[in-house]
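Hi,

Here is the structure I promised to pass on. Have a look at it first, and my notes on the packing follow below.

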Amino acid sequence: MTDILVPTLDHLKQAYAVTSAATQVTPLLESAALAKETGAARVFVKPESLQWAGSFKVRGAYWRLKRLSPDEAKKGVVAYSSGNFAQGLAAAGQALGIPVTIVMPIDAPAAKRDATASYGARVVLTDHGDRAREEVAAAKAREIAETEHLTLLHPFDDPEIVAGQAGAGLEALEQLAAKEAHADLVFCSVGGGGLIGGVSLAFHYLSPKTEIIAVEPEGFNGMGSSLARGAIETMPIGPKSICDGLMARKPGDAPFAAVSAAGVRGVTVDDASVRRAMKIAFERMKLVLEPSGAASLAALLGGKVDVAGKTVLVIATGGNVSLADFMAHMNNA
């Protein structure tokens, strides 16, 4: 673990200086209704669902592509993703003129597959059967990289991805300061850990008293289990979650090194609580969130973390959900 790069504050700021020129500044929304319901002093929601390509993922993708050599950029890149990194990388590649190939599990949401293709990426689907879908897609991406001489990118297990995703945290810190607020707690959802790796480092360096909560679906709490154990743990293959973007079985080495340096603890949420959070986000804040994007809000509402009298930041990570799927979730909320 000691050999893995943990980005410094200067590294995070360097990445943010580049990506902020190409990405949206997503708002920081205060909700008196959520504060009243949870007992918090103040609740702020940062909807990365309003980011370019519908999630925070473009931040890390854009920065990673900017780190390619001219020869690598000309040949193009390949990565695996269940959806949001796929769209972020495809959008960044289109903007920078870099060819992108994305390997996606066959059961990735159709809306995410179609959106990825709409940004000009080549999409390759994998059928995983009863195997772990991310592992099958990753193997196919490695095969394509070797046979076509493309640069293989990882959606989260890369210090440069961590550094790029930290922009969401640095931006939130600037916005909180402008509102004369200081976050006591930050709720951030976790798939492989790229976002929470970056966000936790940003707060570790600039707001070290802030506690970071890693939010994962039940059965996919690889980060929380690994943090409790002190070493990376792989979760067994189990039932699926509606949080399709948070189904990694273990955190990446680079994100785990980052969160270990920053100090993070984990909580889990179930599908019912996520649907309820999606409904509340829509009704109270007029935000359309996908299940993965609402997991952090579900953790706040679930009451597993004491927020009484505290200032809370919730990072709502994405909104890439079709109308049909969104309505189906609302009907079951």
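Predicted model: local features only at pLDDT ≥ 70, side-chain atom pairs only at ≥ 80, totals over all residues.

Lys57, Val58, Ala61, Tyr62, Leu65 and Lys66 in α3 meet Asn84, Phe85, Gly88, Leu89, Ala92, Gly93 and Leu96 in α5, where contact means heavy atoms within 4.5 Å. By class, this contact of α3 with α5 has eight nonpolar, three polar and two charged residues (nonpolar covers Ala, Val, Leu, Ile, Met, Phe, Trp, Tyr, Cys and Pro; charged covers Asp, Glu, Lys and Arg; the others, Gly among them, are polar).

Residues are numbered from 1 along each chain as its sequence is written, and side-chain values use heavy atoms, with hydrogens and water left out. Helices (H or I, at least four residues) and strands (E, at least two) are DSSP runs, numbered from the N terminus.

Back to α3 (residues 57–66) and α5 (residues 84–96): they pack at an angle of about 45°, with axes 8 Å apart. Axes here are lines fitted to C-alpha atoms, for helices over the stretch in contact, and angles run from 0 to 180 degrees between N-to-C directions. That angle makes α3 oblique to α5 (under 35 degrees is roughly parallel, over 145 roughly antiparallel, 65 to 115 roughly perpendicular, and the rest oblique).

A second pair is α13 (residues 271–285) with α15 (residues 323–331), packed at about 110° with axes 9 Å apart, which makes α13 roughly perpendicular to α15. In this pair, Arg275, Met278, Lys279 and Phe282 of α13 meet Phe326, His329 and Met330 of α15. Those residues divide into four nonpolar, one polar and two charged.

Now the sheet. Six strands form an open sheet in the order β1-β2-β10-β7-β8-β9, with mixed pairing (two strands pair if DSSP finds at least two bridges between them). β1 (29–30) and β9 (264–269) stand at the edges with a single partner strand each, so one side of each has no neighbour in the sheet. Inside the sheet order, β7 (residues 185–189) and β8 (residues 211–217) pair in the parallel sense over five bridges, and Val186 has Ile212 in β8 as its bridge partner. Helix α14 (residues 291–302) lies across β2 (42–47), β7, β8, β9 and β10 (311–316), and runs at about 160° to β10.

Cheers
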